[in-house]
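Please read this briefing with the sequence and the coordinates side by side. The notes are grouped by topic, so that each can be checked against the display in turn.

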Amino acid sequence: MFDRLLFGPNSALVPVGFSRTYPPPPSRMSVSPGLADLSRLYQTEFVRSARAVGVLWAVCTLCFAIIQVVILVQPSWVGTTASRTQRAGPPLPSGTMGLFEVCLESDWPAPDCRGGLSSLSPLPSFQSVAVLVGVSLWAVWTSVLCLCLFRFCSAATVYKICAWLQLTAGFCLALACLLFPDSWESPEMRVLCGDSVGSFSPGNCSVHWAYILALLGILDYAILATLAFVLANRQDALLPPDAPDVTAGLLMSA
């Protein structure tokens, strides 16, 4: 038998000659909670999905920046139609017209284009339209160049800068598409489309693919800018308060 018993506080009886063993204290994590949260953050499906959507957004921005150049220089904003009304006198010429050139059909395979595309001089009636499209082109290409900032700045900041630039590009392109039909009452349009031409009335002509592509570009800019704002807000929501630059380089590291 044991001579005496030891009573521990709030514990069972312990015989003399035996030592109480206590569980080891929990070891402190060597990694700070912020770094642990960051490591878990990059493993989530949401971050991988956001990275894929961001890459798709960047590719679409680059593609439409190239299309914007085509919209500006192509002489296919308006053109003659097959079923047009002939006036008394010499027949009306057939061809197309853009912001810089008027191209008339000829006996040669290539049309006879007249204008100042080589000197970047728009037609007198479409100077304001050409300036607005040029500003839109500058804004969208600036947003493309801002993609390089993902290496140096927070992803949320870059998304917001690009979104505002794309909104500016879309607004200028929308004004250009609105002013273009208002400028149809011009000598160049009368030569190509007849005397019945007027503001918002193309006469014997109709709008061609370049103008339709510009209208679609307005919708495209609205979608790209909205998507950029959504991605920026998501990055701000996921960003830990102690790591403001955690998402820098998210696109470039994909």
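What follows covers a set of paired strands, a nonpolar surface patch, a serine in a helix and a salt bridge.

The model is predicted, and the points below should be read with that in mind. Strand S5, which spans residues 101–104, is covered on both faces, while a nonpolar patch on the surface brings together Leu 62, Ile 66, Val 69 and Trp 141. The structure holds one salt bridge.

- Strand S4, made up of residues 95–97, runs antiparallel to S5 and is joined to it by three bridges, with Met 97 standing opposite Val 102 of S5.
- The two strands S4 and S5 form a hairpin, in which three residues lie between them.
- S5 is also joined to strand S6, residues 112–115, by four bridges in an antiparallel arrangement, and here Glu 101 stands opposite Gly 115 of S6.

**The nonpolar patch**

- Together, Leu 62, Ile 66, Val 69 and Trp 141 have about 310 Å² of accessible area in this surface patch.
- Helix H2, which covers residues 45–73, supplies the largest share of the patch, namely three residues.
- Trp 141 has its place in helix H3, residues 127–145, and it counts as partly exposed because its relative accessibility is 30%, which falls between the limits for buried and exposed residues.

**Ser 143 in helix H3**

- Ser 143 is likewise found in helix H3, and it counts as buried because its relative accessibility is 1%, where the cut-off is under 20%.
- A polar atom of the Ser 143 side chain lies 2.5 Å from the backbone oxygen of Val 140.
- When residues up to four places away in sequence are not counted, Ser 143 touches Thr 61, Cys 162, Leu 165 and Gln 166.

**The salt bridge**

- Side chains of opposite charge can pair when their charged atoms come close.
- In this model the side chains of Arg 190 and Glu 185 meet in a salt bridge, with a distance of 3.4 Å from N to O.
- Arg 190 counts as partly exposed, because its relative accessibility is 29%.

How values were computed: Residues are numbered from 1 along each chain as its sequence is written. This is a predicted model: local features need pLDDT of at least 70, side-chain atom pairs count only at pLDDT 80 or more; totals for chains, interfaces and linings use all residues. Side-chain values use heavy atoms; hydrogens and water are left out. Buried means under 20% relative accessible area, exposed over 50%, partly exposed in between (1.4 Å probe, protein chains only). Two strands pair if DSSP finds at least two bridges between them. Patches are made of residues with over 30% relative accessible area and no salt bridge: like charges are joined within 9 Å, nonpolar side chains (Val, Leu, Ile, Met, Phe, Trp, Tyr) within 5 Å. Accessible areas come from the Shrake-Rupley method with a 1.4 Å probe; for residues, only the protein chains shown count as cover. A salt bridge is a side-chain nitrogen of Lys or Arg within 4 Å of a carboxyl oxygen of Asp or Glu. A polar contact is a pair of N or O atoms within 3.5 Å; within protein, one must be able to donate a hydrogen and the other to accept it, and residues adjacent in sequence count only if both atoms are side-chain atoms. Contact means heavy atoms within 4.5 Å.
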